[in-house]
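I opened the notebook to record what I looked up, entry by entry, beginning with the sheets and ending with the cores.

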Amino acid sequence: MKADEYNMDLMKQEIENRIAIYALISRLMLVEVDETFLENIEKDERLLAFFPNYRDWPKRKELSTSELIEQYYNVDFTNLFLMHLVPYESFYTRDDQMIESGGDNPVLELYNDLDFRVELDKARVVSADHIGVELEFMYMLCTALQKALEADDKDGICELLQVQRAFLKEHLLEWTPLFLINAKRESRTPLYHDGAELALEFLLSDFEYVTEKLSQHCETTATTEN
Amino acid sequence: MTKSMNNENPAFLEGRRSFLKGTAYSVAGATLAAGVFKTVADTPAMAETKFTPTPKTLSFYPPLEEWNSFTELDGDDWKRGGTSRNGVQSEDNPDGIKATEYMLVPTACSNCEASCGLTAWVDLSTYKAGGQLAVRKYMGNPLHAGSRGRNCAKGYAAQSQMYDPDRIPFPLKRAPGSKRGEGKWVRTTWDEAMKEIGQKMHDTLKVGDEMSKKSIMYHVGRPNENGFGHRVPHSLGIDGYDSHTNICSAGARQGTIQWTNDDRNSPDWSNAKLIFLQSSHAADAGHYFQQAAGRIADARKKGAKLVVMDPRMSNSAGMADLWVPCWPGTETALYLYLANRILNEKGLNGEDLVNHNFVKNWVNWDHLMKDREYLAYLVEKKYIKSVPAGDTYEEFIEMIAEMYSPYTLDFVAEECRIEKRIVEKLYDMFIDAGARVATYIWRAGPIGHKGGWMIARSAFLPFVLRGAMAGDKGGVGLHHWHVISVNGKGNAATEAGVAPGKVDAWNEIAWPPEYPLSSYEMSHIMPHLLMDDEWRAKWNAKGLNVPEKLAVWIPRMYNPVWINPDGFRWIEALKREDKIEMSFNLSPTWSETNWYCDFILPVGLAGERHDQHSEATQPSRWLSFRNPALRVALEKMGWKPKDPTRATLEAHIKAGLGEVWEEVEFWANIMTHYVDPDGSLGVRKYWASKEDPTRCVTIPEWYQAAFDNLPNLKKAAKASYPDSKYPNYEMMRDRGTWLEEDNIFKPQERPLKKVGENYIAHGHEYHESEVVKDEFGVLTATDAHGKEEAIGIEIDGEFVEGFHTLTKKLDFYCEWFKEWKWPEYAIPIYPTTKEDRVKMTHIVTQVHHDFMQKDNEFALNTVFRLPYNIHTRSVNSKHLMEISQNHNPVWIYTEDAKKLGIKRGDAVKVTITDTVSGLDSGYFIAMAVPTEGTMPGVLACSHHAGRWKLKNAVEIPGFEHKLGIMGVGAPLYEMTMDGKVGTLKPTEGLNEGMQARKDTWQFKEYNKDLDNIWWDGLSGSWQNAVAPSHPDPIAGNHAWHQKVIMELAGKDDKIGDIYVNYENNMKVYQAWRDDLTRPLDSTDTLRRPKHIKRPCVPLSDKAYAVNIK
C-alpha cells in the first residue's frame, strides 16, 4: 500500500470520529442537554474521557439526571449561551460588536454558496454565526467528506478539506478560542467547563489535522491558502 | 470553575492528540447532532436584492422617492433566516419570507402639541390581494426639521389608537327620550347629525341680535392646528371660542405678554451653555417633549449643563447637573435673588454682570424713568427709598439694584425652603453660561398658583439682565418668530375670497368683566358662570348683556368633565338642557365628557385628518402637514370619492376604519349645506368653493390657498409639481413637512422694511410722511382705518423692527398693566415679609408654607404630565396604557410619611381645603409612595390620571355588537350626585371588564391580546373633580395646586374613592372671583387693552367698547 492510500484509509477511520466530536460539541452549545444526550456520552468511555471533571463530579451521584439538568446544566447553559456571553461570530469580529443577523453575514453567505440552509427557528438562535451552528456546519462538511471518501472522489475530498480548513481558519479559529476561554471561566458546571475545553482543544487539533491532510493529498491547493 | 477541575490535567492534554485515533466512538455523530441544517436548496437564494435585511444604521429610512412603494421584509419572519435562505414569499414559494409593499404616507403626531413628523405605513400588499387597506405601523418622518425622524412612545402609539377595539365606529346620538348621562345611544349618520345641528345653529344665528352672537361656543381641547379652529366661530360672526389654555398655560403666557406682548418664549436649546428648566415639562413630557429633549441632549453633548427647578425629582431632574427643589409658588423669590446678585455684584474680573449693551437698547427703562409719578408710587410702596434725581440709564440700574437688594440668600433660603449651597451653585452656573442660557417658562409654577404669572414675569428678569432674551444663539427667543399659522388662511379658495370681518359682540361667558386681562378665555369656569344667576343679574344691572345659556356647545377633542377642576359642576351644567340646549363632541375617543353630550361625532387621529401644524421648538419656522393616510393611499392608487368634499370620510368607510371624519371637511360641509344653505346668514360664502360655489371647498383647494401664504413653500412646490393644479397641497401631501425659514436669530434687530417712500410693517404700507418718531424713538403710523400702530424703533440711529410691545422694547415696566388697575405689580416684584404677603395676596400662592401649620398639611403639586400619557386621547391606547395603567400614586417625602405612620402602598385620604375661602372641597383616596423624590411638605400627584367610566359597553339598537367604552384605560365606577355632593366609587378593574369581551368585534387582527390586559387601573383617582376652580385674579388661569390634609384612609375607603362637596366648590370659585379681582367699572371704556392678543376671534371696536353703570 502506498503512503497516500494508507492515509486515505486512515482518513476513513478518522472521519467518523471527527463527525462524532463535531456533532457532540455543536449539540452541546446549541441547545440544552437532555437525558438521552448525557446517556450517549456516558455510555462511551472514550467520550466520557473528554469530560474528566464531569465524570468525577460527586453531584452526579447525589442528584438525578433530571434534577441536574433543571438545577445546574440549564442554568449554566442560559448563563453561557443566552445571557452573559454572546456566542456569535459577528459579535467578536465586527468593530461595533453588533450581531449581524441578516444576509450581509459572511458566514451566511458561505452557507448559501454551498447550498446549506440553517433553520434558525429550529436552532433557536438569532443568527447563523452562532458557535453551535458553525460547529454543526463543520459536522455537515465532515459528513460530506465521509461520502467523498466512500466514493473515492479525490477532487471532492480535496475540495472539502480545503473548505474545512478555510472555515476553521477564517471563522471558527478567529473567534471561538476567545469565546471558549470565556465560557470555561464563566462556567458553573463541570459539563460545560469540560465541553468548552474539549471544543477548544479539538478545534486546534483539527485544524492541524486538516492542514496536514491537505498537504499530504492535495499539495497544490494547500499551499495557496496563505 | 473551581480549582479541583484542573485545566492542566496531563491525561487530558495527552488525550488531545488522540481525538481521531483508535476505534470509532460507539455513538454515531448523527445521533448526537442537533440537525439544524438542510443541505438542499429548495428555494432561490436571493430573488431580489432590493431589501435591506439589516440597515447599516438605526436611522436608516426609505428614500422619499420610494415612499409610494417600498417593500419591506416581514418583522416576524426574521427568525426563519431571511430571504437568503427562504427566498421571497410568492405563489410558487409559499414558504418564502413575507415581503410587504407599503406606501409611506407622511403625517404628524397629534398626541401632544409638539407635532413630530410621522409616516403611516399603509399595507398595499394585503389590499392588492383583496384584503382591507390598513396602516400597519407608524414611524418617524426623517424630513421633519423639528423631530428629525424621531418620536416618543406616544408617536408610535398612533397605531394602537387607530385600531383601538373601542374606537367609536359611527356618529352616535343620545337616545330620544333619554336624559344626558343616562348612557343610552342610537346610531346616526353624519348627514342626520349635520342636519339637526346645522338647523339649530341656523336658527340661533338667524335671530341676528347681540345674544345670538354669544350663544354658540366652540370649545377646543387640543387644537394641534394653527388657526383653523378660530375660523369656525369667526366665520359664523360670533364671539364663541373657548380654548383649554386657562387650565394649561395662561399663567406663563401672562408673564410673557407683559414683557414681550408675545404668547410664549422660544429657546434655542441646541446652542445653549445652560439649560434652565423650571419644571420637568420641556424634557419629560410636554412642550415640546421629544424635540426639546433631543435638542437638550445635543447641547449637553457639547458640554451644556442642565438645571431643573422642581419640587419633585422628575426624570429630567434626576439626570440634571443640579436639582433645585423649590417650595411651589415661591420661585419668584429665587429669580429676584438672581437679579439682585447680577445687579449688585461684579464678575471675576471686576466687570459688570449686567449686559448693558442689551439692556440699555432693548429694555423700556426710559419709559419708567420718565414716569415720575409712578416712581413716586414705588417709593410709597416702599419698593425703593426715593425717586432718582435724573432719568438716565445709570440711575435706572442703580434704582433697580436697590429695589432687588432685599432678595438675599437668607431670604430666599427661608422663602423657597431650599438649601443655600444649591442656590449659590445655581447662581454660579447661571453666570458662567453668559447670555447662552435657554429656558422655556411654561408649566408648573405659572399654572399652579395664585399669581403664578408673576413667576414667569420674574423669571425673565435675570435672563434680560444677562442679555439672554435677545433671541440670539443659545438664548431665548419668542414664539411668533418661530411659528407658522396658515391653517385658517385658505380664504382665497372660498367664494368670499377674503377673511371674515370683525365680530361685533363680546361674550362674557368667555371673557367675564372681572378678568379684563386674562390671558385666554375663562373656559374653566364656563359652567360656573352659566349657573351663577346672581353674578349674571349683577352685571346685567350694570348694563351688560350676559348670556344665561348656550344654544350649542361644541367641545372639540376636549374632555373638560375629566380634566378641568370641579368635574361635578361640569356634569351638572351639561345635564341642564335649559343651560346648554345642544352639545356635540368632535372626539376621536370615548371620554367622560362624551357621556353627557347629545352627539358624539368621531373624528380622526394623527393619520386620519388634515391640519397644518407648527410649533416654536427651535429658531426656525417649520410646519407639519397632517394627512389621512388611508385616503391618500386610496387616491394615489386611483380611487375617487363620490363627493370630493367628503373624501376623507368616504375613504375611511371604504378602508373599514369606520365613519371617522375630520374637522376641515366637516365644517366646510355643515356650514355650506346646513348652517347657511341659502347664504342668507352671510356664513356660506366663507366655506363655499370659489371653483364651484354649489359645493364647499375641497382639501386640495383649501390647502393650495393656505400654503400660498408661504413664499418659499410656494416656490418649491411650483418647481417640483409644475403641471399640478394644486402644487402646494401635493407637495405637502407627499412630504408632510416643510422648513420655511431656518436660523432665525434677533429679528428685532432687522431693519424696518422700506420700499421707495413706504415703510412696510405687519403687512401694511405706511408712507414715510405718516411715520412719527416719539421721544423714546418709537415709530408710529396710522393705518387706513385710523388705527395708530407702533411699527418700529430707532436703535443706534437705525430704524429696526423691535419687539412686539407698544414700546418696541422688552417691558420691564408694564405701563398698560398699571393703567388696568394693577400698578403694584407693573414691575417684577415679590413680598418679602409675612405682612406683605397678606397685602400682596394676588401674587402669593394659595399653597404658601404660611398656610401649612400642622404636620399633616401639605402643598399638593398636581401639575406634571406623565411622559407616556396625554390628556384624553391616549386613554385607550393599549401600548400606552400598559405602561401607565392609570397608576398615579401620591408622592410623599419619606420623613413626612414616617411622622404620619404612612408606608408605601397605603391608602391615604387627601382632603382639599381652600386658603382663600377657608372651605373644604372633599377628598380623594389614593396610594401613598414615600420617596426622597419630593421635597418635605410637598406632595405630588399628577392631575393626568384617574380615568373612569360608568358602563363597560353600550348597546346600540339595531347594531349587532355592543360598543365597548375605554376598555383598556378606564375602570368602572359608580357615581352619585345630588346637586351638592358627588361621589365616585370603583366597582371593577378594567382587566375584569375586558375579560368579559376580550373577543372584540372591531379590528380583531390588531387586538388578539385583549385577554392579556393584566392591569386593573384601580390605583389612580379622579382628583380633578375634588379640586375647586381657582381662577387667578389677573391671568384668569386655574391655579392648580391645592392645600391638602393627608391621613391614612379609613377601613371602608378604597383607592379611587372620591367625595366632593361641589356646592362648596362653587363658593370657592366665587371667593376667588369676588375677593381677589378688580373688575371693570364705570371708569372703563374698553373691555380689555386692545393691543394685547385677544384670542381667537377678531372683534370690532364696538365689541371692545363698554359702559358700566
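**Entry 1: the parallel sheet**

I began with an open sheet of 4 strands in chain B, which lie in the order E13-E12-E11-E14 and pair in parallel; strands here are DSSP runs of at least two residues and helices (H or I) are runs of at least four, numbered from the N terminus, and two strands pair if DSSP finds at least two bridges between them. I note that the model is predicted, that local features need pLDDT of at least 70 and side-chain atom pairs pLDDT 80 or more, whereas totals for chains, interfaces and linings use all residues. Residues are numbered from 1 along each chain as its sequence is written, while chains are lettered from A and ligands numbered from 1 in the order in which they are written.

At the edges I found strand E13 (322-324) and strand E14 (437-439) of chain B, each with a single partner strand, so one side of each has no neighbour in the sheet. The twist from one strand to the next averages 20 degrees; axes are lines fitted to C-alpha atoms, for helices over the stretch in contact, and angles run from 0 to 180 degrees between N-to-C directions. Strand E11 (residues 274-278) of chain B runs parallel to E14(B) and is joined to it by 3 bridges, with B:Phe276 opposite B:Thr439 of E14(B).

**Entry 2: the antiparallel sheet**

I then turned to another open sheet of chain B, in which 4 strands in the order E2-E3-E4-E5 pair in the antiparallel sense. Its edge strands are E2 (70-73) and E5 (134-140) of chain B, each of which pairs on one side only, and neighbouring strands are turned by 40 degrees against each other on average, direction ignored. Between E2(B) and strand E3 (residues 99-108) of chain B I read 4 antiparallel bridges, and the bridge partner of B:Thr71 in E3(B) is B:Glu101. Helix H26 (residues 629-636) of chain B lies across E3, strand E4 (117-123) and E5 of chain B, at about 120 degrees to E3(B).

How many of the 7 residues of strand E17 of chain B are buried? I found that 6 of the 7 residues of E17(B) (residues 580-586) are buried, so this strand is largely enclosed by the rest of the structure; buried means that 20 or more other C-beta atoms, placed from the backbone, lie within 10 Å of the residue's own, exposed means 12 or fewer, and partly exposed lies in between. E17(B) runs parallel to strand E16 (residues 550-556) of chain B, joined by 4 bridges, and B:Val552 has B:Met582 as its bridge partner. E17(B) also runs parallel to strand E18 (residues 599-601) of chain B, with 3 bridges, where B:Asn585 stands opposite B:Ile600.

In strand E39 (residues 1058-1061) of chain B, B:Ile1058 and B:Val1060 point one way and B:Tyr1059 and B:Asn1061 the other, and all are buried. In a regular strand the side chains alternate between the two faces of the sheet. E39(B) pairs in the antiparallel sense with strand E32 (residues 920-931) of chain B over 3 bridges and with strand E37 (residues 981-988) of chain B over 4 bridges. B:Val1060 stands opposite B:Gly922 and also opposite B:Gly982.

**Entry 3: the loop residue B:Lys951**

I located B:Lys951 in the loop between strand E33 (938-940) and strand E34 (953-955) of chain B. B:Lys951 is partly exposed because 14 other C-beta atoms lie within 10 Å. Leaving aside neighbours within four places in sequence, B:Lys951 is in contact (C-beta atoms, placed from the backbone, within 7 Å) with B:Gly183 and B:Ile965.

**Entry 4: the cores**

The largest nonpolar core has 294 residues, and B:Val890 and B:Leu939 are among those with the most contacts inside it; such a core is a set of buried Ala, Val, Leu, Ile, Met, Phe, Trp, Tyr and Cys residues joined through C-beta atoms within 7 Å. Helix H21 (residues 452-465) of chain B gives the most to this core, with 10 residues. Apart from this core lies another, of 71 residues, including A:Leu24, A:Phe50 and B:Tyr25. Leaving aside neighbours within four places in sequence, B:Leu939 is in contact with residues including B:Phe858, B:Val890, B:Trp891 and B:Met1046.

Methods. Two residues are in contact if their C-beta atoms, placed from the backbone, lie within 7 Å.
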